[in-house]
Amino acid sequence: MTKYGYVSGWLKDSVIKQDGFEYQAKILLSMGIPYDHCFADVFRQNNKERYQLFKFLTTVAQEGDVLVVPTLTCLYSNIRELCCLMYIVENTGIIIQSSDMDLSSDSDSSDWIIASQLAHLDYLHYLRQKHASKAIKKAKYQSMLNTGGRHKRVITPIYRQAYEYLQSHTYSETQLKFHLSKSTLYRIKRQINNKKQPINTPQSYDASRGDLQ
């Protein structure tokens, strides 16, 4: 019987920071496994293949050997990989030891172990989905902001004062008083008028002012 070690993960996981590669590696080295008996896979971008684990299972592992991992989740990323792992444990007769539980072909608690690991996979999926949803909402919100950081559709008190002043003055006079561009004044007036007018109300053109009434 020979003991080996294995660790995998991202160098920096933005969602589950405590499951990063460096954190897992420190745990593994503290377990006393010889360095030349350790295997490791570092995930990069969308690549989560476990090349070193596959190398160990196909060319190194012998019946009765022990593979030590910080947690069982180092060995798989989804349900399919977990099921494949169970078949390999049964076929090769290796024993997998971790800080949370042990897994072997004759383990009495195999069903409970599988259930708990499946639940863990579901939770990780939930966290990453939640993180992705927040990122999408944040990006969508920021895309709606102007360079000044204010939402373009918000009518501020200053904008409303400019609109009221515009009712009895020209655009040029309003620009000078409130230091707003003509395009901004057009937008303010259009937003406020759209809220006041019912849908499909005809609009008339005032040639003396050069805008829509």
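This note sets out, in numbered points, the main features of a predicted model of one protein.

1. Overall make-up. The protein has 7 helices and 7 strands. Followed along the sequence, these elements come in the order β-α-β-α-β-α-β-β-α-α-α-α-β-β. The protein has 213 residues, and 33% of them count as buried. Among contacts with a separation of 6 or more, 59% are between residues 24 or more positions apart.

2. Pairing of strands β1 and β2. Strand β1 covers residues 3-10, and strand β2 covers residues 38-43. The two strands pair in the parallel sense, over 6 bridges. Within this pairing, Trp10 stands opposite Phe43 of β2.

3. Pairing of strand β3. Strand β3, residues 66-69, is paired with β1 in the parallel sense over 3 bridges. Lys3 has Val66 of β3 as its bridge partner. Strand β3 also pairs with strand β4, residues 95-98, in the parallel sense, here over 4 bridges. In β4, Ser98 is the residue opposite Val69.

4. The faces of β2 and β3. Which residues of β2 lie on its covered face, and which on its uncovered one? Phe39, Asp41 and Phe43 make up the covered face of β2, while Cys38, Ala40 and Val42 make up the uncovered face. For β3, both faces are covered. Val66 and Val68 are buried on one side of β3, and Leu67 and Val69 are buried on the other.

5. Helix α1. This helix spans residues 21-29, and its buried residues are Phe21, Gln24, Ala25 and Leu28. Why do they line one face of the helix? Viewed down the axis of α1, the buried residues fall within an arc of 100 degrees, so they line one face. The elements that cover these buried residues include β1, β2 and β3.

6. The largest nonpolar core. This core has 18 residues. The residues with the most contacts inside the core are Tyr6, Phe56, Leu67, Val69, Leu75 and Ile96. At least two residues of the core come from each of β1, α2 (51-60), β3 and α3.

7. The surroundings of Leu67. Leaving aside residues up to four places away in sequence, Leu67 touches Tyr4, Gly5, Tyr6, Leu53, Phe56, Leu75, Ile95, Ile96 and Gln97. Leu67 is itself one of the residues with the most contacts inside the largest nonpolar core, and in β3 Leu67 is buried on the side that also holds Val69.

8. Asp36. This residue is located in the loop between α1 and β2. Is Asp36 buried or exposed? Its relative accessible area is 62%, which is over the 50% limit, so Asp36 is exposed. Asp36 and Tyr4 are 32 residues apart in sequence, and their C-alpha atoms are 8.8 Å apart in space.

9. Helix α6 and the residue that follows. Helix α6 covers residues 171-178, and Tyr171, Thr174 and Phe178 are buried in this helix. Seen down the helix axis, the buried residues of α6 fall within an arc of 60 degrees, and they therefore line one face of the helix. His179 follows α6 and lies in the loop between α6 and α7. Although His179 is not a glycine, its phi is positive, at about 60 degrees. His179 counts as exposed because its relative accessibility of 70% is over 50%.

10. Gln191 in helix α7. Helix α7 comprises residues 182-196, and Gln191 is found there. With a relative accessible area of 12%, Gln191 is under the 20% limit and therefore counts as buried. The side chain of Gln191 is joined to that of Arg187 by a polar contact of 2.7 Å.

Technical notes:
Residues numbered from 1 in each chain as written. Predicted model: local features only at pLDDT ≥ 70, side-chain atom pairs only at ≥ 80, totals over all residues. Heavy atoms only, no water. Buried < 20%, exposed > 50% of the residue type's maximum accessible area, 1.4 Å probe, protein only. Pairing = 2+ DSSP bridges. Arc of directions from axis to C-beta. Contact = heavy atoms within 4.5 Å. Core = buried A, V, L, I, M, F, W, Y, C linked by side-chain atoms within 4.5 Å. Polar contact = N/O pair within 3.5 Å; in protein donor to acceptor, adjacent residues only side chain to side chain.
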